[in-house]
Number of protein chains: 2
Amino acid sequence: MTQDLSGGATTDSYRVHPIGVVRSPRTVPVHDHWGSVSAVLELDADRLQPDAVAGLDLFSHLEVIFHFHLVPESDTVTGSVHPRGREDLPRLGILAQRLKERPNRLGVSRCELVGVDGLTLYVRGLDALDGTPVLDVKPYQQIFQPPPEAVREPTWLRAAMSAYYF
Amino acid sequence: MTQDLSGGATTDSYRVHPIGVVRSPRTVPVHDHWGSVSAVLELDADRLQPDAVAGLDLFSHLEVIFHFHLVPESDTVTGSVHPRGREDLPRLGILAQRLKERPNRLGVSRCELVGVDGLTLYVRGLDALDGTPVLDVKPYQQIFQPPPEAVREPTWLRAAMSAYYF
């Protein structure tokens with residue numbers, strides 16, 4: 001699998017191992033109204049020390065990386081599709097939208113951190129189904145975000161997503 | 001590796017495959033001043049159709065998921081460390097900071113999208129070294145961010161990171 005490119009680059013694949021699992025009341029795909037959903041991240045004590053979450057409660061929000069595990073690899077899109085299956089909207093490339101049927105089936109979502117009890121994290125507004133494997137948890141820090149006034153995006157897509165959280 | 005949990009959960013590991021590589025003038029780890037760094041994402045035509053990036057230029061910023069490929073798996077931290085190696089700062093759990101020596105060695109960073117030329121993306125402010133394998137590219141959309149006024153984080157950590165971009 002190794003393809004040596006100049007500069008030490010590699011196109012090696014590698015194996016990722018869940019560090020926990022999402023427990024959510026949502027068990028089947030739903031488009032909207034994720035903002036009020038309470039969920040739990042059960043982190044794996046075999047993969048993390050108890051102090052892996054030390055100081056996490058200093059942050060109001062998390063960034064969670066997870067695996068869209070219910071999407072078969074054969075369903076992934078490598079070209080473009082209509083957002084949300086709506087043919088009235090322009091086609092967008094898979095990298096220009098956040099559809100789950102994407103190469104590597106990796107999700108990245110922000111959510112509120114409501115509480116920490118050992119390796120159990122209580123969250124709100126996480127758009128991941130029950131049983132979703134968690135690959136990473138990071139603190140949400142403003143310094144890593146672009147300034148809101150610098151962000152440009154299509155207004156029609158924003159309108160199509162307006163009920164996503166609330 | 002399968003461990004069946006209730007509710008269809010799984011702790012299966014799975015293999016991720018780079019969809020491209022970062023070309024950057026930065027070839028060795030550097031802490032700060034990433035904001036002005038221009039880089040290129042060379043996406044892989046064997047893994048993506050040309051229209052995988054259709055409409056991407058409607059967005060000002062990207063979210064890039066990548067592999068910290070220079071970190072040996074044996075170096076990953078499963079407990080807590082002082083941020084940036086500074087013993088004057090309180091220890092933080094690996095999940096409460098964005099250190100690269102983390103389980104699964106996954107990075108998530110935002111950057112400006114400067115231009116699109118086929119499967120070549122020109123970006124600015126991406127904090128990834130030359131040769132970094134790219135696992136996913138997503139558009140940056142405000143609706144998926146928490147409201148800035150709701151975000152709480154430690155002021156001392158914010159101060160320690162103040163030169164990260166500029």
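1. Of the 166 residues of chain A, 38% count as buried. A residue is called buried if 20 or more other C-beta atoms lie within 10 Å of its own, exposed if 12 or fewer, and partly exposed in between, with C-beta atoms placed from the backbone. The model is predicted: local features need pLDDT of at least 70, side-chain atom pairs count only at pLDDT 80 or more, and totals for chains, interfaces and linings use all residues. Residues are numbered from 1 along each chain as its sequence is written, while chains are lettered from A and ligands numbered from 1 in the order in which they are written.

2. Chain A has one helix and nine strands, in the order β-β-β-β-β-β-β-β-β-α along the sequence. Helices (H or I, at least four residues) and strands (E, at least two) are DSSP runs, numbered from the N terminus. The C-alpha atoms of chain A fill a box of roughly 45 × 45 × 35 Å along the principal axes. Among contacts in chain A with a separation of 6 or more, 73% join residues 24 or more positions apart. Two residues are in contact if their C-beta atoms, placed from the backbone, lie within 7 Å.

3. In chain B, six strands close into an antiparallel barrel, in the order β2-β3-β8-β7-β4-β9. From one strand to the next the twist averages 45 degrees; axes are lines fitted to C-alpha atoms, for helices over the stretch in contact, and angles run from 0 to 180 degrees between N-to-C directions. Two strands pair if DSSP finds at least two bridges between them. Strands β2 (residues 20-23) and β3 (residues 38-43) of chain B run antiparallel and are joined by four bridges, where B:Gly20 has B:Leu43 as its bridge partner.

4. β9(B) pairs with β2(B) in the antiparallel sense over two bridges, and B:Pro133 is the bridge partner of B:Val21. β9(B) is also joined to β4(B), again antiparallel, by five bridges; there B:Ile65 stands opposite B:Asp136.

5. The largest nonpolar core has 67 residues, and A:Val134 and B:Val134 have the most contacts inside it. Strand β7 (residues 106-117) of chain A gives the most to this core, with five residues. Such a core is a set of buried Ala, Val, Leu, Ile, Met, Phe, Trp, Tyr and Cys residues joined through C-beta atoms within 7 Å. Not counting residues up to four places away in sequence, B:Val134 touches several residues, including B:Leu41, B:Val64 and B:Phe66.

6. The contact between the chains takes 74 residues from chain B and 74 residues from chain A. On the side of chain B that touches chain A, β9(B) gives the largest share, six residues. Of the interface residues of chain B, 100% are also interface residues in chain A, so the copies meet through the same surface. β1 (residues 14-16) of chain A and β1(B) pair in the antiparallel sense over three bridges, and A:Arg15 has B:Arg15 as its bridge partner.

7. A rotation of 180 degrees with 0.0 Å of shift along its axis superposes chain B on chain A (RMSD 0.0 Å). The two copies are thus related as by a two-fold rotation axis. In chain B, the C-alpha nearest the axis is that of B:Arg15, 2.1 Å from it. Copies are superposed by least squares on the C-alpha atoms of residues with pLDDT of at least 70 in both.
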